[in-house]
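Here is my note on the model you sent.

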Amino acid sequence: QLQLVESGGGSVQAGGSLRLSCAASGLTFSARPTAWFRQAPGKEREFVARISWNGGSTNYADSVKGRFTISMVSAKNTVYLQMDSLKPEDTAVYYCASGVVRGTKVDYDYWGQGTQVTVSS
C-alpha cells in the first residue's frame, strides 16, 4: 500500500514562494507518475503539475507554467513542488497523487491528505 504525505504548506504574501513536499512510503514512485492537484473553496479540483516516474518528463497547467517547478529525489522517495511568484488565486488545498498509466491517461489511485496554501494580497 502506497502512502503519500504532503508538507510545506502555509501562508505567504503575493509574490512569495513555498516548496511543497510529497513523501511516499509503503511503495516507491517507480513506474508511477506523480502529480500535484489543488482545490480552492467552492471550486473543482484541478491539475497543477505532473512528473514521470523517472523524472524525465514534466507537465504543467497553463496557470502555473513558468512559476511552479515539479521535481523528484528518487533516493528520498519524495516529489517536490516549488512555487514561486505566488498569487492570491493560487490559494487552495494542494494534493499529491500517484498513478498508473492506462493508455493515454493516468489513473491516480493514491492520494495524500492535502496541505493548505494561502496567498494574501
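1. Some ground rules. A disulfide here is a pair of cysteine sulfur atoms within 2.5 Å. The model is predicted: local features need pLDDT of at least 70, side-chain atom pairs count only at pLDDT 80 or more, and totals for chains, interfaces and linings use all residues. Residues are numbered from 1 along each chain as its sequence is written, and side-chain values use heavy atoms, with hydrogens and water left out.

2. The disulfide. The search of the whole structure turns up one. The bond joins Cys22 to Cys96, with S to S at 1.9 Å. Distant parts of the chain are linked this way: Cys22 sits in strand E3 (residues 18-25) and Cys96 in strand E9 (residues 92-102), 74 residues apart. Strands (E, at least two residues) and helices (H or I, at least four) are DSSP runs, numbered from the N terminus. The torsion about the S-S bond of Cys22 and Cys96 is about -70 degrees, so this disulfide is left-handed. Are the two cysteines buried or exposed? Both Cys22 and Cys96 are buried. Buried means under 20% relative accessible area, exposed over 50%, and partly exposed in between, with a 1.4 Å probe and protein chains only.

3. Overall make-up. The protein has zero helices and 11 strands. Of its 121 residues, 43% count as buried. The C-alpha atoms fill a box of roughly 40 × 30 × 25 Å along the principal axes. A compact globule of 121 residues would have a radius of gyration near 14 Å, and the protein has 14 Å, so the two agree. That radius is taken over C-alpha atoms, and the globule rule is 2.2 Å times the number of residues to the power 0.38.

4. The four-stranded sheet. What is the strand order in this open sheet? The order is E1-E3-E8-E7, with antiparallel pairing. Two strands pair if DSSP finds at least two bridges between them. The edges are strand E1 (3-7) and strand E7 (68-73), each pairing on one side only. Five bridges join E1 to E3, and Gln3 stands opposite Ser25. Six bridges join E3 to strand E8 (residues 78-83). There, Leu20 stands opposite Leu81 in E8. E1 has two faces: Leu4 and Glu6 are on the covered one, while Gln3, Val5 and Ser7 are on the uncovered one.

5. Strand E4 and its partners. Five of the six residues of E4 (residues 34-39) are buried, so this strand is largely enclosed by the rest of the structure. E4 pairs with E5 in the antiparallel sense over five bridges. Six bridges join E4 to E9, also running antiparallel. Trp36 has a place in both pairings. Trp36 stands opposite Ala49 in E5 and opposite Cys96 in E9. Check the E4-E5 hairpin too: six residues lie between the strands, and Gly42 takes a positive phi near 75 degrees.

6. Strand E11. This strand pairs with strand E2 (residues 10-13) in the parallel sense over four bridges. Ser11 stands opposite Thr118 there. E11 is also joined to E9 by three bridges, and those two strands run antiparallel. Gln116 in E11 is the bridge partner of Val93. Thr115, Val117 and Val119 make up the covered face of E11, and Gln116, Thr118 and Ser120 the uncovered one.

7. The nonpolar core. The largest one has 26 residues. A nonpolar core is a set of buried Ala, Val, Leu, Ile, Met, Phe, Trp, Tyr and Cys residues joined through side-chain atoms within 4.5 Å. Which residues have the most contacts inside it? They are Trp36, Val48, Phe68, Leu81, Met83 and Tyr94. E3 supplies the largest share, four residues. Tyr94 deserves a look. Not counting residues up to four places away in sequence, Tyr94 touches residues including Glu6, Leu20, Trp36, Phe68 and Val117. Contact means heavy atoms within 4.5 Å.

8. Arg102. This residue lies in strand E9. At 53% relative accessibility, Arg102 counts as exposed.
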